[in-house]
Amino acid sequence: MTTGMTEGMTAAGPEDGPLLEIENLTKHFHSKGGAGSVQAVNGVSLRLERGETLGIVGESGCGKSTLARLILRLIDPTAGAVRFAGQDLLALPHADLRGRRRDMQLIFQDPYASLDPRLTVGAIVGEPLAIHGIGSRKERRGRVAELLATVGLDADAMTRYPHEFSGGQRQRIGIARAIALEPKLIIADEPVSALDVSIQSQILELLLDLKTRLALSYIFISHDLAVVEYVSDRVAVMYLGRIVETTDTESLYRRPAHPYTEALISAVPQPDPERDRSRIVLTGDIPNPESPPSGCPFHPRCPKVLDACPHELPALKDIGDEAHPHLVACHLH
Ligand code: SF4
């Protein structure tokens with residue numbers, strides 16, 4: 001069974017240029033009282049090359065999950081642009097967007113909550129194929145068995161229900177469903193956070209293996225810097241809805257330039273003594289996005305705050321070179 005692609009073409013469009021470009025993406029929600037607004041995502045620009053994994057890190061509430069939903073156009077932005085394989089997703093009518101969504105799938109943090117408990121695993125994994133009218137019933141059953149094998153589950157899982165599986169197996173079911181339509185991009189939103197550490201590494205290995213086998217690109221969202229380092233080619237650090245630093249993984253973890261990134265990395269347990277650094281303890285919680293601090297939004301927690309910081313919002317500046325761009329938003333640079 002094919003999923004309807006013509007030879008020489010992919011559903012993602014021409015094979016040149018970045019897979020995804022986000023420009024100045026912004027989302028403000030009305031606050032609960034209705035008077036103010038919550039700036040969940042603020043002027044985010046990013047680019048994802050084909051075959052690349054971009055990690056997005058930050059504390060809970062920094063806007064990373066809203067960013068994922070904006071990219072998939074599950075919610076509409078207040079401003080900005082999202083181009084997938086050169087096509088402006090925000091200009092697409094909803095009917096065309098449905099076709100385009102086949103190329104972009106989401107893997108959730110809590111596989112149990114995202115799997116309908118009343119459906120068998122066969123129905124869950126086969127649902128995207130049925131929705132898009134792909135294959136006959138029999139062909140779909142064969143494809144589901146194939147997908148389950150791809151994620152390391154036996155075909156007899158098809159007739160069972162999600163509650164009969166462990167957390168790791170449920171995440172495998174979620175992944176099988178996500179790859180059913182042969183997507184080009186997978187956005188994994190905290191995909192291993194709910195799992196035991198031993199199971200986390202199995203799921204990460206599976207995701208890395210699928211990336212090569214199925215020519216996938218990932219946006220990998222997590223609060224866990226060790227996990228993001230393990231899977232990512234490049235990393236973007238978010239704070240209060242903005243990107244504060246982005247570069248290749250090695251540069252970010254060896255030479256973090258933003259005090260927030262430094263603090264996050266200093267908290268990661270470090271087996272490599274060369275990279276051992278003393279822990280920087282951040283005081284206070286992430287501020288309320290309804291009333292973000294003036295100037296640099298990190299200034300109330302920053303151990304290196306300068307006089308200008310409460311007054312001027314630092315712009316993203318490239319402190320890298322042509323081969324290794326390194327963008328950072330901080331008055332220290
Ligand atoms: Fe700290 Fe100032 Fe840099 Fe913000 S701009 S991270 S407050 S030094």
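Reply: **A strand pair, a buried helix and the whole chain**

Strand E4 (residues 79–84) runs antiparallel to E5 and is joined to it by 2 bridges. This is a predicted model, in which local features need pLDDT of at least 70 and side-chain atom pairs count only at pLDDT 80 or more, while totals for chains, interfaces and linings use all residues. Residues are numbered from 1 along each chain as its sequence is written, and side-chain values use heavy atoms, with hydrogens and water left out.

Strands (E, at least two residues) and helices (H or I, at least four) are DSSP runs numbered from the N terminus; two strands count as paired if DSSP finds at least two bridges between them. Phe 84 has Gln 87 of E5 as its bridge partner. Both strands belong to an open sheet of 4 strands, ordered E2-E1-E4-E5 with antiparallel pairing. At its edges lie strand E2 (37–48) and strand E5 (87–88), each of which pairs on one side only. Strands of a sheet pair through backbone hydrogen bonds, either parallel or antiparallel.

Helix H10 (residues 259–266) contains Ala 263. The relative accessible area of Ala 263 is 4%, so this residue is buried, a term that means under 20% with a 1.4 Å probe and protein chains only. Not counting residues up to four places away in sequence, Ala 263 touches Ile 280 and Leu 282, contact meaning heavy atoms within 4.5 Å. Between the C-alpha atoms of Ala 263 and Ser 278, which are 15 residues apart in sequence, the distance is 9.4 Å.

The rest of H10 is also covered: 8 of its 8 residues are buried, among them Pro 259, Tyr 260 and Glu 262. Their cover includes helix H8 (225–231), strand E9 (234–239), strand E10 (242–248) and helix H9 (249–254).

In the chain as a whole there are 10 helices and 12 strands. The radius of gyration is 21 Å, close to the 20 Å that the globule rule gives for 333 residues, so the chain is as compact as a globular protein of that length; the radius is taken over C-alpha atoms, and the rule is 2.2 Å times the number of residues to the power 0.38. Buried residues account for 48% of the 333. Of the contacts between residues at least 6 apart in sequence, 63% join residues at least 24 apart.

Note on methods. Buried < 20%, exposed > 50% of the residue type's maximum accessible area, 1.4 Å probe, protein only.
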